[in-house]
Amino acid sequence: MQSRSIDPYLNSSFECSCGRTHKSLFAHYIFEPEAIRKLPDLLKRLGYTRPYLISDTHTHEIAGIKAEEVLQRAEIRFTSHVLQSPENGDIAADEYALGSIAMANDKEADIIISIGTGTINDLGRYFSYITGRPFLLIATAPSMDGLVSGVAPLIFHNMKITFPAQEPLALICDPEIMAAAPLKMLAAGAADILGKYNCLLDWKLSHIVNNEYYCDTIAGIMRRAVDQTMESTKGLASHDKEAVSVLTEALVLSGIAMDFSENSRPASGAEHHQSHYWEMQFLFDGIPAVLHGTKVGIGTVLMLELYNALAEMEKPDFDRIRGEISCRPSLEEWEKEMRRCYRDGAEGIIELEKKSGKNEPEGLLKRLSVIEEKWDEIRSLAQTAPKASEIYQVLEKMGAAKIPADVGIPRQYVYDSIRYGKELRDRYTILQLMWDIGELDKAAEKLVEKYCDENE
Ligand SMILES: [Zn+2]
Ligand SMILES: [Zn+2]
């Protein structure tokens, strides 16, 4: 575990050639055998004396009991709350789980410690934010890129909403525990990282089309982490600790990259919008959630197909595109589609469009002239995208889900997520570009033809 690529970025601040000063306060990354034993020392060093531990039935068994023993031995007072995991499946990060954590709260505790990676991490991070206490994470699996993050996606009134949250001041990972996580979780973590191939392209694309802020240094840090993860995917299939170490670093780095850019641009693009869209549909339908990274992996294959298509595309006839703008669906028709697709969440989507105006003719015309002028640059960018088939094969070798049907996402949801996933955020991606040039609906048809069964 030598020469960690992450070390230069811990608790770092530097003036960048992009003109900004990048800062991340995340300082303590402990990834070593028996890492949990370091907890009492670390708490002492940081000046905390009374932790409130949050875990669920699974993570308590995996790492919570150990943490309790270590604290007891060091004579550190603590409160431990174990949320009861349902028999089949996982706890949802919703108002009920949060209520349970609040009711078991130790008012005197001076630090919140989550033991777990997904739900428990999100809940603890948010609870520590609303109660104004620092947060520490003991991770149990490298399954998603929110290990170090200042936001928490939580479910409130059956809607997934991103809330501000406390970034952890330390992350403790025992390689033994992390590597023993089910392959499904390791593959989900890797897929979440492979998604960065797409989101980094989206970021650059927006820079070209909208002159959005873009930083080569941050993108480069992320790109290296993704390349290294790509190389280590073989090791993940055999639960190799070195491969898990590379993956965990990449997951942490994506949090640090977001600190640097002060938004989620380096870590989330159209592939994440696909994942969010499907997740919302599953919530509406009451279907148990699929791991975040698993869906991101599937979304990445689809979105890279769009880049691959763009790489081959002849320069469109922009006069024709401009001439056909008036034939596009009206605002009323669009709103009707939003109500059909986003159901209870439609109002928020319609509201967002009112604010961002991303589909209004005025902005569209402006973008079209930039796209026309910079067509060669855009196409060259698309030519740097990995082939969708390459990512598909990597996912397949890890035994991960690669197509929507692998996790039960029906054809209609895929068709809708490609056409309307972009409405979830005001963020320029390949989806908006395809819409701009009037190619999105055709592309959606082609993709479902290729990746979805007709009878679904
Ligand atoms: Zn920079
Ligand atoms: Zn993610």
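**Exercise 1.** Find what share of the residues counts as buried, and describe the overall build.

*Solution.* Keep in mind that this is a predicted model.
Step 1: of the protein's 456 residues, 48% count as buried.
Step 2: the secondary structure consists of 19 helices and 10 strands.
Step 3: the radius of gyration is 22 Å, close to the 23 Å given by the globule rule for 456 residues, so the protein is as compact as a globular protein of that length.
Step 4: along the principal axes, the C-alpha atoms fill a box of roughly 75 × 45 × 40 Å.

**Exercise 2.** Work out how domain 1 and domain 2 are arranged.

*Solution.* Start with the bounds: domain 1 covers 7–180, while domain 2 is made of 184–212 + 265–451.
Next, take the C-alpha centres of the two domains, which lie 32 Å apart.
Then look at the contacts, where 10 residues of domain 1 meet 17 residues of domain 2.
Finally, sort the residues on the domain 1 side: five are nonpolar, three polar and two charged.

**Exercise 3.** Is Y213 buried, partly exposed or exposed?

*Solution.* First locate Y213: this residue sits in the loop between α6 (183–210) and α7 (216–237).
Now count its neighbours: there are 15 C-beta neighbours inside 10 Å.
A buried residue needs 20 or more, and an exposed one has 12 or fewer, so Y213 counts as partly exposed.

Note on methods:
Residues are numbered from 1 along each chain as its sequence is written. Chains are lettered from A and ligands numbered from 1 in the order in which they are written. This is a predicted model: local features need pLDDT of at least 70, side-chain atom pairs count only at pLDDT 80 or more; totals for chains, interfaces and linings use all residues. Helices (H or I, at least four residues) and strands (E, at least two) are DSSP runs, numbered from the N terminus. The radius of gyration is taken over C-alpha atoms; the globule rule is 2.2 Å times the number of residues to the power 0.38. Domain bounds come from an automatic or database domain assignment. Two residues are in contact if their C-beta atoms, placed from the backbone, lie within 7 Å. Ala, Val, Leu, Ile, Met, Phe, Trp, Tyr, Cys and Pro count as nonpolar, Asp, Glu, Lys and Arg as charged, and the others, Gly among them, as polar.
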